[in-house]
Amino acid sequence: MKADIHPHYHMIKVVMTDGTEYQTRSTYGKEGDTLNLDIDPKTHPAWTGGSAQLLDRGGRLSRFNSRFGSLGAKK
């Protein structure tokens with residue numbers, strides 16, 4: 001193995017959206033830094049089973065559907 005190519009792991013504090021905290025090893029920041037999460041498993045619809053609606057006002061999804069929408073399976 002080559003020397004000095006691996007990231008430095010150190011302890012940081014992670015603060016979830018509800019205020020709970022835990023310590024973990026990470027390459028984020030420096031020793032003792034705090035990582036505040038905006039989205040975590042307690043609030044994200046993928047883990048909570050909530051229904052998320054995709055809002056796209058003329059962006060990528062609309063362009064994709066206009067180009068390739070006719071190639072999909074017919075209903």
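Helices (H or I, at least four residues) and strands (E, at least two) are DSSP runs that are numbered from the N terminus. With these terms, the chain can be described as having 2 helices and 3 strands, and from the N terminus on its elements run in the order β-β-β-α-α.

This is a predicted model, in which local features need pLDDT of at least 70 and side-chain atom pairs count only at pLDDT 80 or more, while totals for chains, interfaces and linings use all residues. Residues are numbered from 1 along each chain as its sequence is written, and side-chain values use heavy atoms, with hydrogens and water left out.

**The strands**

Two strands pair if DSSP finds at least two bridges between them. Strand E1 (residues 10-15) and strand E2 (residues 21-26) pair in the antiparallel sense over 6 bridges, and in this pairing Val15 stands opposite Glu21 in E2. The hairpin of E1 and E2 has 5 residues between the strands, and Gly19 there takes a positive phi near 100°. E1 is also joined to E3 by 3 bridges, and these two strands run parallel, with Val14 standing opposite Leu35 in E3. In a regular strand the side chains alternate between the two faces of the sheet.

Where is Asp40 found? Asp40 lies in the loop between strand E3 (34-36) and helix H1 (45-48). Asp40 has a relative accessible area of 1% and is therefore buried, a word that means under 20% relative accessible area, whereas exposed means over 50% and partly exposed in between (1.4 Å probe, protein chains only). Contact means heavy atoms within 4.5 Å, and, not counting residues up to four places away in sequence, Asp40 touches Met16, Thr17 and Trp47. A polar atom of the side chain of Asp40 lies 2.8 Å from the backbone nitrogen of Thr17.

**Salt bridges**

A salt bridge is a side-chain nitrogen of Lys or Arg within 4 Å of a carboxyl oxygen of Asp or Glu, and the structure holds 2 salt bridges. Side chains of opposite charge can pair when their charged atoms come close.

| Lys residue | Partner | N to O distance |
|---|---|---|
| Lys13 (25%, partly exposed) | Glu21 (52%, exposed) | 3.8 Å |
| Lys30 (56%, exposed) | Asp33 (21%, partly exposed) | 3.7 Å |

**The surface and the chain as a whole**

Accessible areas come from the Shrake-Rupley method with a 1.4 Å probe, and for residues only the protein chains shown count as cover. Phe64, Phe68 and Leu71 form a nonpolar patch on the surface, with about 340 Å² of accessible area together. Patches are made of residues with over 30% relative accessible area and no salt bridge, where like charges are joined within 9 Å and nonpolar side chains (Val, Leu, Ile, Met, Phe, Trp, Tyr) within 5 Å. Phe64 has its place in helix H2 (residues 60-68), and Phe64 counts as partly exposed because its relative accessibility is 47%.

For the chain as a whole, 11% of the 75 residues count as buried. The chain exposes about 6800 Å², of which carbon and sulfur atoms supply 53%. Among contacts between residues at least 6 apart in sequence, 8% join residues at least 24 apart.

Key: Polar contact = N/O pair within 3.5 Å; in protein donor to acceptor, adjacent residues only side chain to side chain.
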